[in-house]
Amino acid sequence: MRRTAVDPVTRDLGEVYEQEVGRLWRSVFAFTQDRALTDDAVAEAFAQCLGRGDAIRDQRAWVWRAAFRLAAGALHDRGRTGPIDDVHPLELPVERSEGLDDVLSALAELPGKQRAAAILRWYAGYPTDEIARMLDVGRPTVRVHLSRARAKLRARITEEDA
């Protein structure tokens, strides 16, 4: 039996996939609230990364950026930014937790870049500089998006508690 060598880029991307795909999928889904679009964006991001080979220095960051850009482009092409009615959180391939419906609903009310910035910061833990690169905006714009998202989410929580 002849063994074939695994390309180092493929091996490295496989490790990135194992480490990041679950968290990336959940993040993109929280942004799009569309399971099929999320599946496509995440798969296409990894496929494009593989196709670019060693031209990409940081595969993890590139895949995250590409997945969000692909998802945003698909949402823009559809002319919608809110949730699609046929998706229900019970169908998600993620652990069900109390309040998931409320969180997804609250996120859906945020404008696209606010929603993306909030997810990338508070769920994925990216710093402002990286979020700015992913969203193709300046650092001050990211801070504004996060501030406005926080205010809107806080107002919604206060509303629901009243």
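**Ground rules.** I number residues from 1 along each chain as its sequence is written, and side-chain values use heavy atoms, with hydrogens and water left out. In this predicted model, local features need pLDDT of at least 70 and side-chain atom pairs count only at pLDDT 80 or more, while totals for chains, interfaces and linings use all residues.

**Fold.** I looked up the secondary structure and found seven helices and zero strands in the protein chain. The pattern along the sequence reads α-α-α-α-α-α-α. Helices (H or I, at least four residues) and strands (E, at least two) are DSSP runs, numbered from the N terminus.

**Aromatic rings.** I found five aromatic pairs in the structure. Rings of Phe, Tyr and Trp (its six-membered ring) pair if their centres lie within 6.5 Å; planes under 30 degrees apart count as stacked, over 60 as edge-to-face and the rest as tilted. Phe31 and Phe68 form a tilted pair, with 5.5 Å centre to centre and 45 degrees between the planes. The pair joins distant parts of the chain: Phe31 is in helix H1 (residues 8-32) and Phe68 in helix H3 (residues 59-78), 37 residues apart. I also noted one aromatic cluster formed by Phe31, Trp64, Phe68 and Tyr126.

**Burial.** Are Phe31 and Phe68 buried or exposed? Both are buried, where buried means under 20% relative accessible area, exposed over 50% and partly exposed in between (1.4 Å probe, protein chains only). Of the 162 residues of the protein chain, 41% count as buried.

**Contacts.** I took contact as heavy atoms within 4.5 Å. Among contacts with a separation of 6 or more in the protein chain, 69% come from residues 24 or more positions apart.
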